[in-house]
Amino acid sequence: MRELAHLDWPFLEEGHGVFAAELDAWAREHVAHIHGPDVDAACRALVRSLGDGGWLRHAVGGAHGAQEVIDTRAICLARETLAYHNGLADFAFAMQGLGSGAISLQGTPAQKERYLPRVARGEAIAAFALSEPDAGSDVGNLQCGAHIEGDHAVLTGEKTWISNGGIADFYVVFCRTGEAPGPRGISAFVVDADTPGFEIAERIEVIAPHPLARLRFHDCRIPLSQRIGAPGEGFKVAMRTLDVFRTSVAAAALGFARRAMDEALKRATTRRMFNQTLADFQLTQAKLAQMATTIDSAALLVYRAAWLRDQGQNVTKEAAMAKMTATEGAQQVIDAAVQMFGGLGVMHGQVVEQLYREIRSLRIYEGATEVQQLIIARELLKETRG
Ligand SMILES: Cc1cc2nc3c(=O)[nH]c(=O)nc-3n(C[C@H](O)[C@H](O)[C@H](O)COP(=O)(O)OP(=O)(O)OC[C@H]3O[C@@H](n4cnc5c(N)ncnc54)[C@H](O)[C@@H]3O)c2cc1C
């Protein structure tokens, strides 16, 4: 039933189509059924399974990955496909990539050797720790600090909303090191989960359960060999990493929306009322038409942004457009699907009910929709004013 016509679009190469079709078949068999109630255990199992299947090699770059340079289109196809089958599988894949992305992009050879093979095999779980209680959208204002003592950085402060918090084996942590005010005074460090002075301050439960935590650092000593990039370059490292993965959030939203569309089509064509099916009503047909068009618009923006990035172009505006359109559009598509299911649509365990919970945070993390709007407008005005 799954719509795969977009694999023939000119943004994608033949290998991408094969990759997506193979992952689709694999995901149906291996991960579609892995869910809670123990979300930590489910996530660990998913990471292991994705590693065993060889799929996580696409989430890391360099000699340890499937490609020397991270293939944005492959990451998008992977997330779209996994999200279609299981939101937690998408999460597990995405976080291995986001959590190790800074190392793939700017790590030293020793850091790459130490972390990336284990990430790619699903033997080490990664996390990306940027947000803080008072620095989410305004992340350049983060306060978690690190001062240098000899050949160590000493970290003190908090991070929150950290995905994989509590189960990760290592965290890429962005700290204020003070080389300059604002974003130019931040450095990135890899912190192993068993480092003294690091603790999980609180586990956070959200509407679509996945491992999430607030982290605390207290005199947490990290060898300077664990710093990623130059001192004061941490914000750039974070933005470069997000640049790769922002488009993939849009791809995940696309996967959720496609699943909702398929569920809605099945329901509308089989549910009988007033001596016909739900799909026979023009009001339903208008909804289906809108949903399909929203999905295709999002898909075009997602694969345009991914293709441009793989051509080595700057995609700040295009990635923001893709993320905004795909996440907001998916929310509407899923809501329409829930409506078509009637009472069943809000019943725990129904696919559309799960999708309704899954999609919500994608409009908030990795830059809320309002932040994407500002990015798009800023780029447009830059082009206009020159
Ligand atoms: C499920 C989940 C997983 C996450 N995982 C991670 C992770 O792994 N690592 C990590 O570092 N962070 C993570 N985050 C944090 C996420 O990136 C932040 O929640 C996000 O950046 C928003 O920050 P905030 O929650 O502090 O909201 P705030 O910054 O307080 O923003 C609140 C709202 O204000 C609005 N807004 C923001 N800016 C503007 C503006 N300029 N104009 C008008 N309105 C505006 C938006 O609607 C926004 O949602 C995660 C969050 C969630 C919900």
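Q: Which residues in α2 meet which ones in α4?
A: In this predicted model, Val39, Ala42, Cys43, Leu46, Val47 and Leu50 of α2 meet Leu88, Ala89, Phe91, Ala92, Phe93 and Gln96 of α4, where contact means heavy atoms within 4.5 Å.

Q: And how do the two helices' axes cross?
A: The axes of α2 (residues 39-52) and α4 (residues 87-106) come within 9 Å of each other and cross at roughly 65°, so the two helices are roughly perpendicular (65 to 115 degrees), with axes fitted to C-alpha atoms over the stretch in contact and angles running from 0 to 180 degrees between N-to-C directions.

Q: What should I know about the numbering and the model?
A: Residues are numbered from 1 along each chain as its sequence is written. Local features need pLDDT of at least 70, side-chain atom pairs count only at pLDDT 80 or more, totals for chains, interfaces and linings use all residues, and side-chain values use heavy atoms, without hydrogens and water.

Q: Switching to strands, how does β3 pair with β7?
A: β3 (residues 152-163) and β7 (residues 212-223) pair in the antiparallel sense over nine bridges, pairing being at least two bridges found by DSSP, and glutamate 158 has arginine 216 in β7 as its bridge partner.

Q: How many bridges link β6 and β7?
A: Five bridges, also in the antiparallel sense, join β7 to β6, which covers residues 198-203, and here isoleucine 200 is partnered with leucine 215 of β7.

Q: Where is glutamine 276, and what does it touch?
A: Glutamine 276 lies in strand β10 (residues 276-277) and touches Arg271 and Phe281, leaving aside residues up to four places away in sequence; helices (H or I, at least four residues) and strands (E, at least two) are DSSP runs numbered from the N terminus.

Technical notes. Angles under 35 degrees count as roughly parallel, over 145 as roughly antiparallel, 65 to 115 as roughly perpendicular and the rest as oblique.
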